[in-house]
Amino acid sequence: MGASLLLAGCGGGADTGSGSGENALPGVDQYLTAPCPEAAVKPATDKEFTYWAMWTADEPQGKVLQKAFKCFQEKTGVQVNVQWLGRKAYTQNLVPALNTDAVPDLFDQDVSKVGAAIVTPGGTQSVDDVFAMKVGEGGKTVKDVLSPSSYDFAQNKDHEGHNFMVPYTVQSSAWWFDKKAAGDVQQPRTMDDLVALFDKAKADGKAAISQDGDIPFYNMYFFTQLAERYVGAGGLNKAATDKTGQAWQSDPGFLKAATETAKLPKYFIDGWDAAKFPQVQQRWADGDSRYLYVGTWAPSETREYLDKQGTGTKIDYGSFQFPMPAGATHDTVEQMSIGFAVPRKARHAEAAKAFIAYFLNKDILSGIPAVADNLVPRADLAVPDDLKQVKAAMDDPKKEHVLQYDGIDGVAGGKWQTDVFDPADTALLKGQLSPQQFVDQLAVKGAEFWKNQS
């Protein structure tokens, strides 16, 4: 959401704004001009706090946050000192700062990145107390309004079992297509069905898949999605943290997943491994390819791009999930929570935590779907039309929930991904490693990695 999330994706890899052209969402102005809700929690002593945002001010999420800052100051008298650092903030600003006393009072990231930050000296503090705070809707607390699946899972617990992040956005991923160009594509049931869609695209004279190959965590999607269906929630993470590396070879699901993954790159658009994000995603928006596999920020990002092009192009967004590969037994759906965390050394934690509770008020949080076209961890707020198919998959009780990439991007502070997984994964996609060689390399390099960590 590794440092990869910081470079791209999450509703803002490109330079985006809330949009005022044909693709602008209908509720943007209504949200931004609506009156401010009252704050149930008002800090007793803090009069300010510092927030390092993973967004930029002109992104849709930035616009929602600016409204929240204005309202919070109006209702509590507390000033928010924000630094709009963008996705690079995690590696360039936050992680180095946690070694010092010059930390923000609040920051936001996906839960795997926050979890990785905990291993840094200083780390973060428990936010368990925030869940008991009122959000300004009668007696409702943060815990009352949040969906348990958005925060109550092992990867959001520190060594003492405390929550370290409070979510405000939930994301998943999917295969995206334009219904006008591709027709009403149904959920493929098998990998053969999926490949048939790609063959049809090529027969229609289109590239089948747009893939921004310079983004490591975009390249991670294919193997991890398929592997999760063989090994289930926790299986990838268990293998990644296996000090011997042998799990990659002993569980046949990993080789099966690698074999299925290796069938996909021949359908990637020409130049996928040489372009700079978001060029290939934009080629999908321009109609050069039929399918795109990324997160639920795809409609928001591509809509903003098309608006800036000014060509009047509109996409009728459709999506579907990866099918179950042959022999797989886990019908999984991924979920990633993005939320707020408070550094252990924060000087104004009281105000920071009060702001978290305020942001989860429905009149503030409704800006995430209305302006940023993203999903939220409250079941009582709107689901953007573009994301209804993904949300249906996330809400399907028959599906097994798994953290995005099974959290392997947070292992060893992200170093396991960058040192062990990414080189092997890139080589597999480029055809430089066979599926068996890919699995063997993960085993050997994984064992070397953990030996060097001790």
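What is the volume of the largest pocket? It is about 430 Å³.

## Basis

This is a predicted model, in which local features need pLDDT of at least 70 and side-chain atom pairs count only at pLDDT 80 or more, while totals for chains, interfaces and linings use all residues. Residues are numbered from 1 along each chain as its sequence is written, and side-chain values use heavy atoms, with hydrogens and water left out.

## Largest pocket

Of the 20 lining residues, G115, A116, Q155, G410 and V411 are the closest to the pocket's centre. Helix 5 (residues 111–118) gives the largest share of the lining, five residues. The lining divides into nine nonpolar, nine polar and two charged residues.

A pocket is an open set of points on a 1 Å grid over the protein atoms alone, with protein on both sides within 12 Å along at least five of seven lines; lining residues have an atom within 4 Å of a point. A volume is the space filled by probe spheres set on the points, which are joined across faces, edges and corners. Nonpolar means Ala, Val, Leu, Ile, Met, Phe, Trp, Tyr, Cys and Pro; charged means Asp, Glu, Lys and Arg; the others, Gly among them, are polar. Helices (H or I, at least four residues) and strands (E, at least two) are DSSP runs, numbered from the N terminus.

## Largest cavity

The largest cavity holds about 60 Å³ of space. In a cavity, a 1.4 Å probe fits but cannot get out. Its lining includes W52, M54, Y90 and F107. Strand 1 (48–53), helix 4 (89–97) and strand 3 (106–110) each supply at least two lining residues. By class, the lining has eight nonpolar, one polar and one charged residues.

## Helix 3 against helix 15

Helix 3 (residues 60–76) and helix 15 (residues 349–359) pack at about 115°, with axes 11 Å apart. Axes are lines fitted to C-alpha atoms, for helices over the stretch in contact, and angles run from 0 to 180 degrees between N-to-C directions. Contact means heavy atoms within 4.5 Å. The contact has 11 nonpolar, no polar and one charged residues.

An open sheet of four strands has the order 6-7-5-8, with mixed pairing. Strands pair if DSSP finds at least two bridges between them. Strand 6 (207–210) and strand 8 (317–320) are the edge strands. Strand 5 (residues 173–178) runs antiparallel to strand 8, joined by four bridges. D178 stands opposite Y317 in strand 8.

Helix 9 (residues 216–231) packs on the sheet, touching strand 5 and strand 7 (289–295). Helix 18 (residues 388–395) also packs on the sheet, touching strand 5 and strand 8.
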